Amino acid sequence: NAFHEFNLRRAQAWPHSLNATSTHDTKRGEDVRARLNVLSELPDEWGRHVFEWAEMNRPHKRLVRGREVPDRNDEYFLYQSLIGALPLAKEEHAEFIDRIKNYTIKAVREAKVYTGWLKPDNDYEDAFLGFIEKILEPSKDNAFLGQLRQWTGKIARFGALNSLSQTLLKLTCPGAPDLYQGSELWDLHFVDPDNRQAVDFVCRQKLLVEIKKREKENLQLLLLDLLTRWQDGRVKLFLIYKALNFRARQNHLFQNGSYVPLAVSGTAARHVCAFTRRDGAVWSVVAVLRFPTGVFSDENAPLGRQGAWKDTLLELPGDSPAEWSHVFTGETIPARKTADGKRYLYLRDLFCDFPVALLEASSTASKAMPASLPLEERLQ
């Protein structure tokens with residue numbers, strides 16, 4: 001309710017404010033935070049891991065003036081950072097060790113508890129860096145690293161779902177969406193200078209060209225591939241590409257359209273956030289997932305059709321269109337009617353082939369002319 005109230009106020013008073021999820025000064029990238037949000041859904045499991053890892057890694061600590069380094073607070077901060085940003089590709093591990101070390105030193109200096117920019121404590125910092133090197137050493141004897149990778153893989157799955165929801169909201173809520181450089185794929189960076197590394201725009205351009213080509217050949221196979229190999233971030237790029245082009249086609253809707261929260265009922269109602277944007281006869285419905293661990297199992301996330309949606313449905317305004325077109329999947333989804341004439345959509349239909357939904361009225365979808373925005377043009 002607070003989220004909808006915020007958007008209603010923004011639509012009325014500040015419709016062109018910036019919708020940003022990452023900036024040059026973000027302490028952790030948007031997809032790092034999307035992972036960390038999952039921990040709030042699994043507090044007991046997370047707590048068990050933290051205490052087990054602390055005991056496992058205690059031999060790697062050093063005594064500095066009678067105090068173990070790192071202390072428990074800094075150690076907890078480190079485990080959070082590792083869960084949030086650990087690369088899923090092992091070939092990036094060596095580079096990641098350097099990144100996490102640089103980030104950690106900046107963080108503890110700015111905390112000003114044991115060290116600081118103006119008066120650095122070299123002994124504390126060296127001990128902390130040595131601890132990081134030991135616990136992240138890629139050896140068969142390092143049980144911690146194996147556990148960390150396994151559990152991060154689970155958290156990252158749900159974090160990807162959070163990220164897709166967050167990205168779609170940014171692109172469709174009242175306001176002007178902003179994409180920080182490089183965040184077209186997963187953004188697992190820390191604060192500067194880590195988040196100011198050179199962005200491989202050529203790679204992103206090639207991926208977008210491939211997505212457009214495969215979309216024309218077989219959209220369903222493309223969607224299955226994007227969701228099955230979600231680790232590479234192409235699914236996020238696909239969402240951004242489709243949503244931005246939809247905004248271009250229906251610019252007036254997002255500039256001046258109303259914002260109406262939608263009620264959700266049924267078994268998984270608390271796991272959905274939904275609203276409509278409307279400008280006269282032009283309609284759009286946005287529905288995203290929240291609290292993903294309550295809907296998907298560890299194995300099937302983020303495949304949309306595997307969610308436990310059951311009888312959960314989206315209640316539509318009475319004068320809403322009878323038929324909708326799914327912007328991401330291309331499917332036509334008819335609205336159902338209750339005995340008293342109310343319209344609704346089943347979430348299992350909306351999330352069957354993609355874990356978030358952006359719908360437009362079928363009548364306007366057939367009339368709209370595609371307005372493709374090349375990535376290189378958007379970057380100018």
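This is a predicted model: local features need pLDDT of at least 70, side-chain atom pairs count only at pLDDT 80 or more; totals for chains, interfaces and linings use all residues.
Let's start with the strand order. Six strands make up an open sheet, running S5-S7-S8-S14-S10-S11, with antiparallel pairing. At the edges sit strand S5 (258-261) and strand S11 (332-334), each of which pairs on one side only. From one strand to the next, the twist averages 25°.

Zooming in on one pair, strand S8 (residues 282-289) and strand S14 (residues 357-361) run antiparallel and are joined by four bridges. Take Ser284 as an example: its bridge partner in S14 is Glu360.

## Helices on the sheet

Helix H7 (residues 143-172) packs on the sheet, where it touches strand S7 (272-279), S8 and S14. The direction of H7 makes about 155° with that of S8.

Then there's helix H10 (residues 234-249), which lies across S8 and S14. H10 runs at about 25° to S14.

## Helix H1 and its two sides

Helix H1 (residues 2-13) has twelve residues. From its first C-alpha to its last, H1 reaches 16 Å, close to the 16 Å expected at 1.5 Å a residue.

Which residues of H1 are buried? They are His4, Asn7 and Arg10.

As for what the buried residues of H1 pack against, that's strand S1 (18-20), S5 and S7.

Notes. Residues are numbered from 1 along each chain as its sequence is written. Side-chain values use heavy atoms; hydrogens and water are left out. Two strands pair if DSSP finds at least two bridges between them. Axes are lines fitted to C-alpha atoms, for helices over the stretch in contact, and angles run from 0 to 180 degrees between N-to-C directions. Contact means heavy atoms within 4.5 Å. The expected span of a helix is 1.5 Å times one less than its number of residues. Buried means under 20% relative accessible area, exposed over 50%, partly exposed in between (1.4 Å probe, protein chains only).
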